[in-house]
2 protein chains.
Amino acid sequence: MERQATRAAAGTRAGSAPVTLAQIARQAGVHVSTVSRALSTDEAVRGGVATETAAQIRALAEELGYQRDPAGAALRTGRSRMLGVLVPRLTDIVLATIYEGIDAAAATAGYHTVVANTGDEPELQRRRADALLARRVDGLVLGDARSDCDLVAELAHRRIPLVLVSRRLPGRVSVTTDDVLGGRLAAEHLLGLGHRRVAVVAGERYASTGVERTQGFLDAFAEAGLPVPESHVVPSRFDVPGGRAAAEHLLGLTPRPTAVFAVNDFAAVGVMAAVRDAGLTVGQDVGVVGYNDVPLAAALPVSLTSVRSPMYRMGEVAATTLVNMLDGKPGRSRRLRPTLEARASTLGG
Amino acid sequence: MERQATRAAAGTRAGSAPVTLAQIARQAGVHVSTVSRALSTDEAVRGGVATETAAQIRALAEELGYQRDPAGAALRTGRSRMLGVLVPRLTDIVLATIYEGIDAAAATAGYHTVVANTGDEPELQRRRADALLARRVDGLVLGDARSDCDLVAELAHRRIPLVLVSRRLPGRVSVTTDDVLGGRLAAEHLLGLGHRRVAVVAGERYASTGVERTQGFLDAFAEAGLPVPESHVVPSRFDVPGGRAAAEHLLGLTPRPTAVFAVNDFAAVGVMAAVRDAGLTVGQDVGVVGYNDVPLAAALPVSLTSVRSPMYRMGEVAATTLVNMLDGKPGRSRRLRPTLEARASTLGG
DNA sequence: GACCCGAGGGCAATCGTTTGCATAACCTCG
DNA sequence: CGAGGTTATGCAAACGATTGCCCTCGGGTC
């Protein structure tokens, strides 16, 4: 009664009050618990209701446009059927694509997702994670795991179900691409083209992506008997200015590298800009390889050779893994296979 | 009791059960209702509790790490403190940026947001909107309003509190940039540079953004005594291939336009590609103007002149407007001011 | 000294759903 | 035909927070 009054007072509330189990029960002439069981998605529970009764109730529910109230259900079961997702930035198309995959798979499994930006800052990561947990999400997908801070360990210790995506951390369930292999693919491509003096724009040290892509790349060159000197491997931010700054440094070295591997497409765009600024031609004078193969890569004036990673799929797998863990199944890390897309930035032309 | 059992069974549940009002009440030696009032954000309610008692309770809650259970609160109040957000695609940086603004402002007001992609498809828009409403969001921010379908009218009729963002629709509360003015800015820039024969890549007909930007542009040229012929205004998708296709058509016209206004930066990138493919130089032979000024615009090899729109701010204002409406205040449409960033794609060099 | 007033806080109902247990009807089999 | 089992349904108690109403107590007023 009080509530109805509140409703009426707030002029903008949704019009007709939502249908409840009780209303269906009344119309069907059965008890609300029967309706609840008939509408359950759990086969075992629904089995307790006569097939015919269940069918009638479901038809009636459909007709009345019944939608389960998540608040009631959450209160009783202690589960919200919501997953929290943390990403560095949603405006980064890589993470946005991964998130789309997460959300799609979660929706299929009957979960909604809530996403938050952390800007890759430990302080913000903690605050956002807490906010999501305050919302009582059932689990977390973390797209911003850092090797240099212990938020993940802490969450795991609190027994929060969680899955890492994009970046790995030892001992945690994660879904990533095989970044070591990806780096190797880039190296083999450049080796095949005859490059002998190369450099790496290696990304942030705290991100497994940059570290492992770099490692795979260096391994392959070392195995080919052409170890890349440390001076030719520089850390960087993951964005255009970051790549540009790193490349300006590398292009100043003598002898100048004939190709640069950037562990991220945006950094690679920065590298290309630096190459142009130095009066050189991308693909002719200097080869450039990126990573992720974002749509932009193919659309650039000089199209960018890039290691393609299945970003959307990664998100899907991460979400499915988490949902399985919530059902009590053990979580298992996955590394998806990257492939290389060769384009003008290394082939010339 | 049943619930505890369930908890224990699902091995992956968060460890210690969350603190409840009842626990605080017990420890503080007061009734749970007093705790509820002491912790209320509503000044009037909190006034009912002695200042000192309230302070003690708040301190204790803090110490125990109390976090209000949203399910319990939602069940009682009928409000979830969640906002639904619908966007065409989150991988579109324009919408992603707007969404970041929405989420930030919502968080400040104590709301969480849930976002969903609709791919600009009416069928999907409806399904996603229904899914969000099934989650009992308190209101919707729609970033994908189409003038050619009546979902918005329908939602409004059901008295769902809603605010449009980015795109407008007559008679609805919306927060957009002043797109007519934006188009006019682009036109005045080109007129000032001496362009007399121009063309427009106009975007989708169902989106107010494209329509109004085009209108402002055409108005300004008409007022200058240089009306743009209909043949020089072609609709397009909002992405790179869309802009490219439209531009290929326009560059085939004789006499060829000396400048092209694309109502969206991605379409503008497509235009630039088409110009290059035709063996012409952007900024020399053909001027190009985009819209939104996404970060990429300045980073392109030939930097793109673009009408900058305050995307993040738009999201913030939209969310704040919706929250105010939920508080019973009337909603009011806003049009934010765009500005023009002149760069090499029109200035040359 | 009787009365009123206001402040502070307790009581209990309520939101909608789920689920362990109780019950009733029916079936099967010896 | 009755004991034991199965099947279908009802009952009621939670889950946690909010809020209208009522009670108590202290102080002020006439």
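Predicted model: local features only at pLDDT ≥ 70, side-chain atom pairs only at ≥ 80, totals over all residues.
Select Thr34(B), Val35(B), Ala38(B) and Leu39(B) in helix 3 of chain B; they meet Ala54(B), Ile57(B), Arg58(B) and Ala61(B) in helix 5 of chain B. By class, this contact of helix 3 with helix 5 of chain B has six nonpolar residues, one polar and one charged. Now show both helices whole: residues 32-39 for helix 3 of chain B, and residues 51-64 for helix 5 of chain B. Their axes come within 9 Å and cross at roughly 90°. That makes helix 3 of chain B roughly perpendicular to helix 5 of chain B.

Next, go along chain B to Arg81(B). Look in the loop between helix 6 (70-77) and strand 1 (82-87) of chain B. Arg81(B) is not a glycine, yet its phi is positive, about 55°.

Select residues 93-108, helix 7 of chain B, and residues 311-326, helix 15 of chain B. The two pack with their axes 7 Å apart, at an angle of about 40°. Helix 7 and helix 15 of chain B are therefore oblique to each other. Their crossing is right-handed. To see the contact from the side of helix 7 of chain B, pick Val94(B), Thr97(B), Ile98(B), Glu100(B), Gly101(B), Ile102(B), Ala104(B), Ala105(B) and Ala106(B). Colour the contact of helix 7 with helix 15 of chain B by class: 10 residues are nonpolar, four polar and two charged.

Now bring up both chains. Then display the interface. Of the interface residues of chain B, 97% are also interface residues in chain A, so the copies meet through the same surface.

Domain 1 of chain A is 2-68. Domain 2 of chain A takes 80-176 + 312-335, and domain 3 takes 179-310 + 340-347. The C-alpha centres of domain 1 and domain 3 of chain A lie 58 Å apart.

Zoom in on helix 10 (residues 179-192) and helix 11 (residues 208-223) of chain A. Their axes come within 7 Å and cross at roughly 40°. Helix 10 and helix 11 of chain A are therefore oblique to each other. The crossing is right-handed. On helix 10 of chain A, select Asp179(A), Val180(A), Gly183(A), Arg184(A), Ala186(A), Ala187(A), Leu190(A) and Leu191(A). They meet residues of helix 11 of chain A, including Thr209(A), Glu212(A), Arg213(A), Gly216(A) and Phe217(A). By class, the contact of helix 10 with helix 11 of chain A has eight nonpolar, three polar and six charged residues.

Finish at a proline in each chain. Select Pro255(A), in the loop between helix 12 (240-251) and strand 8 (259-262) of chain A. A cis peptide bond joins Thr254(A) to Pro255(A), with omega about 0°. Then switch to Pro255(B), in the loop between helix 12 (240-251) and strand 8 (259-262) of chain B. Thr254(B) and Pro255(B) are joined by a cis peptide bond, with omega about -5°.

Technical notes. Residues numbered from 1 in each chain as written. Chains lettered and ligands numbered in written order. Heavy atoms only, no water. Contact = heavy atoms within 4.5 Å. Axes fitted to C-alpha atoms, helices over the stretch in contact; angles between N-to-C directions. Helix = DSSP H or I, 4+ residues; strand = E, 2+ residues; numbered from the N terminus. Parallel < 35°, antiparallel > 145°, perpendicular 65-115°, else oblique. Left-handed = near helix turned anticlockwise from the far one by under 90°. Nonpolar A, V, L, I, M, F, W, Y, C, P; charged D, E, K, R; others polar. Domains from an automatic or database assignment.
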